[in-house]
Structures are given as C-alpha cells and as structure tokens.
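I opened this model to see what could be looked up in it, and I kept my entries in the order in which I worked. The structure comes before the notes.

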Amino acid sequence: MAPSSRPESITGGCLCGAVKFTINFPEDAEWPPSLNGTCQCTMCRKHTGSILPQNCAFPTANISPPLKENPAYKIYKSSSFAYRGFCSTCGSSLTFNYDKEPEHTEINLGIIDEDVLCGKRNEASAWDDEYGHHVPRIGGWGKDICSAGEHIYLENSIPGVTDDLPGKKWLADRTDGESFTGKLFDFKKGDSKGS
Ligand SMILES: [Zn+2]
Ligand SMILES: [Zn+2]
C-alpha cells in the first residue's frame, strides 16, 4: 500500500477523558481541512480561556460517537444563533456550532490528541543533554490541521502578540468588511481607499 498522505481518522477529547471522539476522513472528506481559523472575539476568548482561540469545522456526521450522545458533553447557548460545547466534568472547552448549520461542528483545536498534533513520542530514540530530555516525534498531522489561513476579530488583537498572523484577516466577522493581510496597527485613519 502506498504511504498515506492523509489520515483515515484523528482523535480528540477533553482533559479528563469523559468526552472522547474520532473524526473520520472518508475519501470524499476534505484534506487538509480548510474551514480553519482563529477568532479573537471576546466570547471565544472567554469560552476557551485562550487569547488566540483556534478551531476547525468538520462534518458533524464524521465525528463519532456523536458528541450529543455523551452525557458529559453539555452545551451553552452563547448567543441567539450559536452554542458552545464543554465537558461538564472537567470544564474543557470543546466546540462551537451555528444553530443554522448542524452539518458542521467546529472543534477547538487544542482538544485534538497530542499524538495527532505533535506525533507519537519515540522514547527509544530519546536523549538527554543540558537542555533536558529530548524526545523525537514520529508522524503527526498538526501542520495540516492547524495552519489557519483566516483570522477574524482582529479589532481585539493585542499589538505585537496576536496581530501578526499569516493569511487573511478581518476587523470583525467576514461579513463586516474586506479582508486584509498586513498588520492591523499599521492602518491609520484616512489611509483607506474607501470613503
Ligand atoms: Zn472532561
Ligand atoms: Zn469568536
């Protein structure tokens, strides 16, 4: 069999393990997944506890077992049009869903398992030096899964910390204006082409 350039599935779960799931990539599934981005809106920050929340949308039908069948998985209706999922045992922030798009579930990428994001630890080839214990990794899909090309709510970005991201950026949501690629804080009032 030819070496696979895409996984058949990846796994993820919450901190305590009460919520575990597999995301399947059948042949017709997009790889690498493209509905991937960061959001610096205050709601995403509060829900995840991260200053740079990042998630990726996958077909809900490809996530097994279905999250809603897990009694530990709870949802919080965070706005009139969306809800967010979390583990009711350990509090891990897990998902974002639009009410109108049940076919997609956005997974917070930090809950994808370490072996998937970073590769498996190869302890047999490990070594120690003055920096500590080095463990080479085998495989991993982190670059494919986590290369976000879209970033929204840069209006909330932190200068020098979360404003210089590669790819397309928007001040707020994608529907609220044109995207840009430079640094937000290089914009000056009156520079824009628009009136
Ligand atoms: Zn948990
Ligand atoms: Zn957000």
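**Notebook: zinc site, domains and sheets**

I began with the spacing of the zinc ion (ligand 1) donor residues in sequence, which reads C-x1-C-x70-C-x2-C. I noted that this is a predicted model, in which local features need pLDDT of at least 70 and side-chain atom pairs count only at pLDDT 80 or more, while totals for chains, interfaces and linings use all residues. Residues are numbered from 1 along each chain as its sequence is written, chains are lettered from A and ligands numbered from 1 in the order in which they are written, and side-chain values use heavy atoms, with hydrogens and water left out.

Which atoms are the protein donors of the zinc ion (ligand 1)? I found the SG atoms of C14, C16, C87 and C90, lying 2.3 to 2.4 Å from the ion; donors here are N, O and S atoms within 2.8 Å of the metal (3.2 Å for Na, K and Ca), and water is not among the atoms, so sites may look incomplete. The angles among the four donor atoms run from 105 to 115°, and the site is tetrahedral, a term that requires all angles of four donors to lie between 85 and 135 degrees.

Is C14 buried or exposed? I read a relative accessible area of 10% for C14, which is buried, whereas C16, at 39%, is partly exposed; buried means under 20%, exposed over 50% and partly exposed in between, with a 1.4 Å probe and protein chains only.

Next I turned to the domains. The assignment, which is automatic or from a database, gives domain 1 (7-35 + 43-115 + 141-146) and domain 2 (149-185), and their C-alpha centres lie 23 Å apart. From UniProt I took the feature "domain: CENP-V/GFA" (unreviewed entry) at residues 10-128, an annotation that may be inferred rather than shown by experiment.

Last came the sheets, where strands are DSSP runs (E, at least two residues) numbered from the N terminus, and two strands pair if DSSP finds at least two bridges between them. An open sheet of three strands has the order 1-2-5 with antiparallel pairing. Strand 1 (9-13) and strand 5 (63-64) each have a single partner strand, so one side of each is left without a neighbour in the sheet. I also noted that I23 has I63 in strand 5 as its bridge partner.

An open sheet of eight strands runs 6-7-8-9-4-3-14-15 with mixed pairing, and its edge strands are strand 6 (73-76) and strand 15 (168-169).

Note on methods:
Four donors count as tetrahedral if all angles lie between 85 and 135 degrees; four count as square planar and six as octahedral if opposite donors are over 155 degrees apart and all others between 65 and 115; anything else is irregular. Helices (H or I, at least four residues) and strands (E, at least two) are DSSP runs, numbered from the N terminus.
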